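Please look over the structure below with this note at hand. The points are numbered so that each can be checked against the display in turn.

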Amino acid sequence: MTASTFSYALEVVNLKKAFGGLAVTQNVSLSIRPGERRLIIGPNGAGKTTLFNQISGDLRPNSGSIRLFGSDITHLPPYKRAHFGLSRTYQIITLFTGDTLEHNVTLGLLGLRRARWQMWRPLSFYGNMSAEARRTLDAVGLLQLATHAISDIAYGERRRVELAMALAQQPRVLLLDEPLAGLSNTERATVKSLIASIPRQTTVIMIEHDMDTALDLAETVTLLNYGRVIVDGERDAVIADERTREVYLGT
Ligand SMILES: Nc1ncnc2c1ncn2[C@@H]1O[C@H](COP(=O)(O)OP(=O)(O)OP(=O)(O)O)[C@@H](O)[C@H]1O
Ligand SMILES: [Mg+2]
């Protein structure tokens with residue numbers, strides 16, 4: 001089966017999540033096509049990360065459903081979602097800081113870090129983890145730092161390690177939670193071109209506040225506010241929509 005067999009890479013239907021009395025995801029529905037580049041925007045606290053957490057399985061929704069390439073994954077634990085080709089990065093970096101770049105990436109590849117073992121891969125894929133880890137680091141321009149501890153490298157470089165690890169899974173759906181946050185202009189340009197180079201076999205869903213950069217990468221945009229989808233569609237239409245202006249400018 002190939003990705004193109006399916007109408008949607010990801011379908012979220014009527015998802016709801018509340019923390020105590022606070023409704024953070026309110027009837028959210030999304031349909032994302034294979035290969036699509038979707039940007040998720042919205043003010044702080046809109047529920048963007050909470051939505052990702054439910055898609056990745058880090059959080060259980062109260063109701064609603066999530067399908068990945070036609071399979072219902074709503075009740076699967078995160079590592080089983082990885083079997084279906086889902087990979088993500090986090091808004092807050094989750095690398096082992098005392099460990100080297102190479103070792104972090106190797107653990108990620110082995111699936112020990114977040115149980116990302118992917119059963120559909122041939123065993124040969126796991127044959128030479130160390131070489132694979134080094135190739136992964138090379139792809140993001142960090143090979144020369146492979147034996148350094150994470151704690152010794154710059155923040156922007158750590159973000160690139162995380163992105164490299166997610167990409168090394170060759171995911172079918174990749175969730176990026178603010179990949180550009182806290183980066184300098186130079187690092188931003190590097191990460192932007194890295195994201196732009198992700199192959200079409202991977203569907204990319206990205207949360208990002210830096211619209212100047214993120215809009216260039218996006219084809220479609222979903223605007224969330226107070227846990228609801230306010231507007232969703234083609235990039236230019238969403239940006240031009242007066243509801244988007246209302247959310248951002250309060251006009
Ligand atoms: N585990 C939790 N327990 C209680 N409340 C939570 C929890 N996680 C998130 N929230 C609340 O849910 C709301 C949405 O949070 P979320 O992190 O999803 O926002 P966000 O859109 O990602 O914001 P930002 O742009 O600042 O990252 C916030 O009010 C937050 O305080
Ligand atoms: Mg967030």
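**Notes on the predicted model**

1. The helix α1 gives the largest share of the shell around ligand 1, namely three residues, where helices (H or I, at least four residues) and strands (E, at least two) are DSSP runs numbered from the N terminus. This is a predicted model, in which local features need pLDDT of at least 70 and side-chain atom pairs count only at pLDDT 80 or more, while totals for chains, interfaces and linings use all residues; side-chain values use heavy atoms, with hydrogens and water left out. Residues are numbered from 1 along each chain as its sequence is written, and chains are lettered from A and ligands numbered from 1 in the order in which they are written.

2. The shell around ligand 1 consists of 14 residues, and the closest are K48, T49, T50, Q91 and H209; a residue is counted as near if one of its heavy atoms lies within 4 Å of the molecule or strand in question. At least two shell residues come from each of β2 (22–32) and α1 (48–56). Sorted by class, the shell has five nonpolar, seven polar and two charged residues, with Ala, Val, Leu, Ile, Met, Phe, Trp, Tyr, Cys and Pro taken as nonpolar, Asp, Glu, Lys and Arg as charged, and the others, Gly among them, as polar.

3. Which side chain places a polar atom 2.8 Å from an oxygen atom of ligand 1? It is the side chain of H209, while a polar backbone atom of G45 is 2.9 Å from an oxygen atom of the ligand and a backbone N or O atom of A46 lies 3.2 Å from an oxygen atom of ligand 1. The protein covers 61% of the 640 Å² of accessible area that ligand 1 has on its own, with areas taken from the Shrake-Rupley method with a 1.4 Å probe, and for residues only the protein chains shown counting as cover.

4. Helix α1 is mostly covered, since eight of its nine residues are buried, that is, under 20% relative accessible area, with exposed meaning over 50% and partly exposed in between (1.4 Å probe, protein chains only). The buried residues include K48, T50, L51 and F52. Just after α1, G57 has a positive phi of about 90 degrees.

5. T220 belongs to strand β9 (residues 220–225). Is T220 buried or exposed? T220 counts as buried because its relative accessibility is 8%. The side chains of T220 and E36 are joined by a polar contact of 2.6 Å, a term for a pair of N or O atoms within 3.5 Å; within protein, one must be able to donate a hydrogen and the other to accept it, and residues adjacent in sequence count only if both atoms are side-chain atoms.

6. L215 is found in helix α7 (residues 211–217). Leaving aside neighbours within four places in sequence, L215 is in contact (heavy atoms within 4.5 Å) with L39, V221, R235 and I239.
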